[in-house]
Amino acid sequence: MKEEMATTSTISESDTGATPAQKSGLLVSLSAMPPEAVEATLGNLAVAFGDREVSVATPDPVGESARGNLRISSYTPVAAAPGSWVLTAADYFNAYKQMQEQGATLCLVLGPEAQTLGPEALRALVEGVTTGKADLVTPQYALGPRDGLVNAAILYPATRALFGTRARYPLAIDLAFSARMAERMATAGQRLTAANQSGAILWPVAEAAAAGYTIAEVPVGTRGLPTPDAADLNSLLAQVAGSFFADVDAKASFWQRARVAYPGRNGNGATASGQRLESVEEPEIQPMLDSFRLAYTNLHEIWSLVLPPNSLLGLKKLSLMPADAFRMPDGLWARIVYDFVLAYRLRTINRGHLLGALTPLYLAWVASHLLLTSGAGAETMAPEKHVEAVAAAFEADKPYLVARWRWPDRFNP
Amino acid sequence: MGQQIGFALKDSMHRVLVQLASFLPGLLALLVAVVVLTAIGMLLSSVIRRVLGAAKFDERFARSQSADVTDWSPGHSPTALVARIGFWVCVLLGFMIGISAFDASYAGGSHIAPILIPVLTRSVGAVLILLAGTVVARYLSRSVLIGAVNLQMQYARFLSLGVKWLVLVLTTAMALDHLQIGGVVVELAFGILFGGIVLTLSLAIGLGSRDLVSRSLEKTADGRGAGGPLHDDGVVETVRAAAGSQVKAAGNLRHF
């Protein structure tokens, strides 16, 4: 309740002049898309909400203002949206402004490539807010076992362990949220856009958890994912992991108290990644292993500034493992990520260097994950099951992070 | 004769003792000035820490993304940086006041301050140059090391060491030049060392990239032979391909 009051004063309640008759309740905010993608999305929206009047706001110019139950308006963004592959601070801020102007009470934000989401998925997201009474509804995409690996390795397990939420995709690009959640996100977005960081990534799941809002998740099936702006993995991982670590740092007072409040998933393949990988080819794995081994010989000095001796010993064992037996223990990976979060907070080394030094370790995890989830060995398991095991390891190791967060110098096992 | 020697000795001893007597208060004044200003510096540093801590200066600084300063001083928060600057300014001020007091109280008739103060300031400047150079060398060598490892370059460590020593040699030469020590010898030695390191690095990169370049040339030749489009920037393309190899070699993996 305190959170609500705090956020109310930040965003001004502008008089939009919207009368009750004009209020449609639901606003759909689209990202910048090509004209044919906009057309396809509008078609899906018309089918999804056939019995309901819907306002659609898009930054792209559209020819007609009404189409069946859809009232389409083209708007000039209040904050310049950089057209990113994820939802940015500017997107949330613009969506909230549109909600105010349209007098909407709930919002469905759709990211790039939203035309690949079916009408059922769109309806399910909105119904999560209307009938499910959730403040934030995140989609559970049915991605393939080789997709969304950063999410599986870091974002999902760490978010679940730290914030006690079950959202499988904390960096989802399609979201439905209530008015108060929109206001909270806009407040966070406004702070960043005012600091000339319109393209900054926001973490809605963590925001909702910190505010004590209800979070729901609905399966939405397959979805075409937009191609990230940056071509190489290093800069992308630094961008996303850096933003995530900063958010963890900012919400430390919350997650140190938060407890896991739900049973873990069963990992039986609610998503497409529940399917096993049929096989994994050596050319696919070998470059990642080479990258890790090269990094072990060269970056050991930098890793030793960040990681405790136990983790370094684990990495040494990993570097000596043959390719077919290469397995990174889940506990080791969880400890590595937590130590990197700590080093980010303490500025043990330059943050750019820190995030650069994480890349080879992440590639080692990917190699291990692919090997563990492919083939027909005794240890082989479904990708989703392994991701759940990793998340459980993150949860089990959370006391370590909390202890070192509070006493970074005194606690170093 | 013996009496004259005795007088001469007594006279010189008297002069030395008188000079020492006039020297000691000045030395004491210098010490007192340094100690007092150091104490004031510690107090000021503590006050700065408390005030900036209460004002959540670090958080505001990080939020405004002005983190470049802290990036260059790893391990220290902006508050700690400001507090330390305040402390060392006070210490430096103490030295300057002390030297001035020493000079004023020294009855020897010679003015030491005009000689000592420029030396002191030059020394401080040289120390600052060395410190900045060390920080820059460490930053650049780590940047090169991490970047090269992520590009899967086998000679990453060698490249990083080369960059580090380039910066350190440049810094040392600048510090010596600032102190006006060595003159032409320093410039000459610097030129030889710097040129040597650059040549070594060039050879190492050239030899290390031999396969890369030959593959690129073969690719270009194949393109010509097949009547395909000619890429003038074949080398650049190959390097780009190597840079993205982590992602591309992983076939159909999708990290995001």
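Tutor: Two residues are in contact if their C-beta atoms, placed from the backbone, lie within 7 Å. Helices (H or I, at least four residues) are DSSP runs numbered from the N terminus. The model is predicted: local features need pLDDT of at least 70, side-chain atom pairs count only at pLDDT 80 or more, and totals for chains, interfaces and linings use all residues. Residues are numbered from 1 along each chain as its sequence is written, and chains are lettered from A and ligands numbered from 1 in the order in which they are written.

Student: Which helices of chain A do the buried residues of H14(A) pack against?

Tutor: A residue is buried if 20 or more other C-beta atoms lie within 10 Å of its own, the C-beta atoms being placed from the backbone. Eleven of the 14 residues of H14(A) are buried, among them Val387(A) and Phe394(A). Their packing partners in chain A are H5, H12 (330-346), H13 (351-372) and H15 (398-406).

Student: Why is H5(A) described as oblique to H14(A)?

Tutor: The axes, lines fitted to C-alpha atoms over the stretch in contact, have angles from 0 to 180 degrees between N-to-C directions. Angles under 35 degrees count as roughly parallel, over 145 as roughly antiparallel, 65 to 115 as roughly perpendicular and the rest as oblique. H5 (residues 149-163) and H14 (residues 383-396) of chain A have axes that come within 8 Å and cross at roughly 45 degrees. H5(A) is therefore oblique to H14(A).

Methods
Helices (H or I, at least four residues) and strands (E, at least two) are DSSP runs, numbered from the N terminus. A residue is buried if 20 or more other C-beta atoms lie within 10 Å of its own, exposed if 12 or fewer, and partly exposed in between; C-beta atoms are placed from the backbone.
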